[in-house]
Amino acid sequence: LDAGGFVVGVRPWLKPFTIPQETKRIWWDHRDRVILVAEHYRRPHGHHAHIYYLRNRLIAGMSRLVVVVEAKPGGGTTHMEEWALRHGKPLAIFEHPDKESIYHKGYLWFVKAAEKYEGAVLHTVRTVEELEELIKTLV
C-alpha cells in the first residue's frame, strides 16, 4: 500500500464484516485501495470448512502463480493447489529439505498430483531466489 498498490482481501463471506483490530487501521486508512471478494455475501449457516475451500479457490483463480511454502498431504492447502493444477494455473512449491518431514511428504504429494492433470504447471523451488527468478518469467 505504501508503494501505491492495491490489496485484494479474499473472505469466505462479507457480512458480518469482522476483521482483527490491527487490520482495522489499514482498512480505514486505505479503503479506497482495498478490494474485498467473497463467495458469499452473508455468513452461511452450518459447517464452514467447505466455505474456506471456496475462498481458497478464489485466491488460486485470481493468482498468476500459486506459491506453496509448505503443506501436509490431504490438508486444507491441498484443495486449493489441486484446483490450480487441474486448471493449468502455475504452481510453485518449495521442496522441503527434511526428507523425513510431513512437509516433504506434502511436496511429494503435489508432484504426484501434477502428473494426473494434463496441462498442470508445477515448479519446484528450493530457495527464495529461485522463486524470484520464476516470478520474473511470469510478468
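Analyst: Helices (H or I, at least four residues) and strands (E, at least two) are DSSP runs, numbered from the N terminus. This is a predicted model, in which local features need pLDDT of at least 70 and side-chain atom pairs count only at pLDDT 80 or more, while totals for chains, interfaces and linings use all residues. Residues are numbered from 1 along each chain as its sequence is written, and side-chain values use heavy atoms, with hydrogens and water left out.

User: Which residues of helix H3 are buried?

Analyst: Buried means under 20% relative accessible area, exposed over 50% and partly exposed in between, with a 1.4 Å probe and protein chains only. In H3, residues 76–86, the buried ones are Thr78, Met80, Glu81, Glu82, Trp83, Ala84 and Leu85.

User: Why does Glu82 count as buried, and what does Glu82 touch?

Analyst: Glu82 is buried because its relative accessible area is 17%. Contact means heavy atoms within 4.5 Å. Leaving aside residues up to four places away in sequence, Glu82 touches Trp109, Lys116 and Tyr117.

User: Which residues touch the most other members in the largest nonpolar core?

Analyst: A nonpolar core is a set of buried Ala, Val, Leu, Ile, Met, Phe, Trp, Tyr and Cys residues joined through side-chain atoms within 4.5 Å. The largest one here has 15 residues, and Ala60, Val68, Leu85, Leu91 and Phe110 touch the most other members. At least two residues of this core come from each of strand E3 (66–68), H3, strand E4 (91–94) and helix H4 (102–116). Leu85 has contacts that include Leu91, Phe110 and Ala113, with residues up to four places away in sequence not counted. Another core, of six residues, lies apart from it, and Leu65, Ala92, Val125 and Leu134 are among its members.

User: How many aromatic pairs are found in the whole structure?

Analyst: Rings of Phe, Tyr and Trp (its six-membered ring) pair if their centres lie within 6.5 Å; planes under 30 degrees apart count as stacked, over 60 as edge-to-face and the rest as tilted. The search finds two pairs. Phe17 and Trp27 have ring centres 5.2 Å apart and planes at 50°, so this pair is tilted. Phe17 is in the loop between E1 and H1 and Trp27 is in helix H1, so the pair ties together parts 10 residues apart in sequence. Trp109 and Phe110 form an edge-to-face pair, 5.0 Å centre to centre with 85° between the planes.

User: Is Phe110 buried or exposed?

Analyst: Phe110 is buried, because its relative accessible area is 0%.
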